[in-house]
There are 2 protein chains.
Amino acid sequence: MDTINFTRGVPANESFPLDEVAAAAIDALKARGPAMLQYGPSAGFQPLREWIAQWQGVSADRVMTGNGSLQIVEFLCLALLKPGDVVFTENPTYDRTITMLRRHNIEVVGIPLESDGPNIEALEAAAAKHKPKAFYIIPDFQNPSGTTCSGEKRRKVAEIAHKHDFLLVEDAPYRPLRYRGTEEPSLYSIAPERTLFMCSFTKLIAPGVRTGFIIGRPDLIHKLAKVAEDTYISPGYLAQGITYEWCQRGLLQPQIERLKKLYLPRLDACLAALDKYMPGAVDARPDGGFFISLTLPEGVLTSTVRAEAAKRGLNLSDGLAFFPNGGGERFLRLPFCALTPAEIEEGVRRLAESVDASRGR
Amino acid sequence: MDTINFTRGVPANESFPLDEVAAAAIDALKARGPAMLQYGPSAGFQPLREWIAQWQGVSADRVMTGNGSLQIVEFLCLALLKPGDVVFTENPTYDRTITMLRRHNIEVVGIPLESDGPNIEALEAAAAKHKPKAFYIIPDFQNPSGTTCSGEKRRKVAEIAHKHDFLLVEDAPYRPLRYRGTEEPSLYSIAPERTLFMCSFTKLIAPGVRTGFIIGRPDLIHKLAKVAEDTYISPGYLAQGITYEWCQRGLLQPQIERLKKLYLPRLDACLAALDKYMPGAVDARPDGGFFISLTLPEGVLTSTVRAEAAKRGLNLSDGLAFFPNGGGERFLRLPFCALTPAEIEEGVRRLAESVDASRGR
């Protein structure tokens, strides 16, 4: 078997609804071509804003679309934060968000993450100490850990945010991809006036549409849209118009069902292989999303395992970048969605071999 | 006649090659759908980079594409400049660039612009005084003035840049839209190792594709691509894949010819109306691009004329934002491309009336 990549959290190529996107492109350009091709409001292509608003059960003035949600984090930095501000993240968290916050000279403080969400005592203590402006949190199928925050902890996070007056930035790209079990309430549903909820079509249609969105208080959305206008005048209306046409044909729900059918066997293959080759290694068993994470045995470093894995045709990612304040030397993230069950089984087998070869080194 | 907008520099809706874009979308997704929909290198969709490289006569490692060229200015700020650096612009210049530079705490110094390009003595003196890191210049059919820099001044600008060791950022979105006369050499062709040349498909296909590009030294392109990756991972590959398919079908040159046929009569209508209703008002008579500019008579302010014009169903833009260091109280930009010749004639007639009504006020 060829090289196996447990590296980046990308969707499976075979999941892309190519023919549907092509058909949507034709009809979208026929129905509203000039609007899709001209400049327009920076908050996004209006029909798409309205469709998302209806989908999410909010008013359209609470929705801004952008070219992927990472850049929306940049707009948050520019519109709502200033250099020297403190922002909390989970520890570990999405590495690109850490890079983005630091680019804007935001101080990033990581809150220890447990299998059911952030450690609440640590959050409370850190809030009192650091007076953060915001908590960037990925409550569903977290990147990189795969954990989901419990309903109880969500309510406590919202309480602490209220008590210490900080914003919640809820990054939820994996939320619609729950393969089993029961959905927890979004932070936005618990605290709509202090939560900015972000989601994206990257994991639902494809990264190439580069269309993410944020939902929040109209006054905050207005500030974000001003910064967006100063950055790129308008987001990618051609892609947003195609995305809108695809959505309004009712294709999102069937696509989500197809994704669940495609990804659940991959999740199960990954959990089964880990149980078989590395029993006890998994801390949290996710019910959705893209990631399972491990803590390697005492004395075994991810960097050593990566080198051993490379010899065995297995590419792994460094774990360090996910930890804003150090640590993560034994952390390993396994993105399972873009591999077949057979590749996953073989990949985990090679991983276990690589871990064994790394012991005592 | 309805309200006439001499406000924003947008292309004409009727110029968009709607059917061609739709056909390109279908075939592009058929031919390379997964690559267009997946994540990929931040420097842009590789086939498009290569096509632009061939078009512009450079190697592909000298080309980066992005979501419109304004945002590429942001990447320049992040990758090559630091807060407190001085950047020169023409005075007046594109207002959004001023806003972008200032957002990054760059000090913007305007170099007086004449009908044949920047005042060379002023540039030389300012270079000696300010030690700028870069000169952002729009040599062809400048925004907002409509002027084109002479060949002689281009060579002098390059000499001064060399002598004082600063970069030239050549923003050239209107360069392919020369309706008559002879093209001057690009700054990039004169000084390829210190010029970053920017152009865009916004004015050639449509703003909705949000695809601009920058050409320069591979080491600089590499730094820009890193910043782009940290900002949005990949640019809009769906739109870039469609743009590539459209380009490689040989549709760009015929489209440019169509644009010239559409816009030349509008330029001529604007010049003729100004000669008729406001003789002597035009400083430079452009041979291409989107803009003609005026300096209003002594004692007549643009702000007053705007208010008078609004009463007459004519919307004008404020001139002040184009001037980085003050001034521009009597400046007026007329974007003529998105209006018919009849609207232009009537718009200029209303303008002349508004100017008359503003005299002595």
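Predicted model: local features only at pLDDT ≥ 70, side-chain atom pairs only at ≥ 80, totals over all residues.
Two residues are in contact here if their C-beta atoms, placed from the backbone, lie within 7 Å.

## A buried valine and its partners

A:Val355 sits in helix α12 of chain A, which covers residues 341-358. Is A:Val355 buried or exposed? A residue needs 20 or more other C-beta atoms within 10 Å to count as buried, and A:Val355 has 22 of them, so A:Val355 is buried. Setting aside residues up to four places away in sequence, A:Val355 touches A:Met278, A:Leu296, A:Pro297, A:Val300 and A:Val305. Folding also brings A:Val355 and A:Thr304 to 8.3 Å from each other, C-alpha to C-alpha, although 51 residues separate the two in sequence.

Now compare a pair in chain B. B:Asp27 and B:Asp116 are 89 residues apart along the chain, and their C-alpha atoms are separated by 44 Å. B:Asp27 belongs to helix α1 of chain B, residues 18-37. B:Asp27 counts as partly exposed because it has 15 C-beta neighbours inside 10 Å.

## The nonpolar core

The largest nonpolar core has 146 residues, and the members that touch the most others are A:Val169 and B:Val169. Which residues does A:Val169 meet, leaving aside neighbours within four places in sequence? They are A:Leu76, A:Ala134, A:Phe135, A:Tyr136, A:Ile137, A:Leu196 and A:Met198.

## Helices side by side

In chain A, helix α5 (residues 120-130) packs with helix α6 (residues 151-163) at an angle of about 10°, and their axes are 10 Å apart. Angles under 35 degrees count as roughly parallel, and α5(A) and α6(A) are therefore roughly parallel to each other. On the α5(A) side the contact uses A:Ile120, A:Leu123, A:Glu124 and A:Ala127, while α6(A) supplies A:Lys153, A:Lys156, A:Val157 and A:Ile160. By class, the contact of α5(A) with α6(A) holds five nonpolar, no polar and three charged residues.

In chain B, helix α2 (residues 46-56) and helix α9 (residues 237-248) pack at an angle of about 40°, with 8 Å between their axes. That makes α2(B) oblique to α9(B). The crossing of these two helices, α2(B) and α9(B), is left-handed. Here α2(B) brings B:Pro47, B:Leu48 and B:Trp51, and α9(B) brings B:Gln240, B:Thr243, B:Tyr244, B:Cys247 and B:Gln248. The contact of α2(B) with α9(B) is made up of five nonpolar, three polar and no charged residues.

Chain A has a helix α2 as well, again residues 46-56, and its buried residues are A:Pro47, A:Leu48, A:Arg49 and A:Ile52. The buried residues of α2(A) pack against β2 (63-66), β9 (212-215) and α9 (237-248) of chain A.

## Where the two chains meet

How many residues of chain A are in contact with chain B? The count is 39 residues of chain A, touching 39 residues of chain B. On the chain A side, the elements giving two or more residues are α1 (18-37), α3 (69-80), α4 (95-103), α8 (218-232) and α9. Of these, α1(A) gives the most, with ten residues. The chain A side divides into 23 nonpolar, eleven polar and five charged residues.

## Backbone details in the loops

Some loop residues deserve a look at their backbone angles.

| Residue or bond | Backbone feature | Value |
|---|---|---|
| A:Asn143 to A:Pro144 | cis peptide bond | omega near 15° |
| B:Asn91 to B:Pro92 | cis peptide bond | omega near 10° |
| A:Ile233 | positive phi, not glycine | phi near 65° |

A:Pro144 is in the loop between β6 (134-137) and α6 of chain A, and B:Pro92 is in the loop between β3 (86-91) and α4 (95-103) of chain B.

A:Ile233 lies in the loop between α8 and α9 of chain A. A:Ile233 counts as buried because it has 21 C-beta neighbours inside 10 Å. B:Asp165 lies in the loop between α6 (151-163) and β7 (167-171) of chain B. With 11 C-beta neighbours inside 10 Å, B:Asp165 counts as exposed.

Key: Residues numbered from 1 in each chain as written. Chains lettered and ligands numbered in written order. Axes fitted to C-alpha atoms, helices over the stretch in contact; angles between N-to-C directions. Helix = DSSP H or I, 4+ residues; strand = E, 2+ residues; numbered from the N terminus. Parallel < 35°, antiparallel > 145°, perpendicular 65-115°, else oblique. Left-handed = near helix turned anticlockwise from the far one by under 90°. Nonpolar A, V, L, I, M, F, W, Y, C, P; charged D, E, K, R; others polar. Buried ≥ 20, exposed ≤ 12 C-beta atoms within 10 Å, placed from the backbone. Core = buried A, V, L, I, M, F, W, Y, C linked by C-beta atoms within 7 Å.
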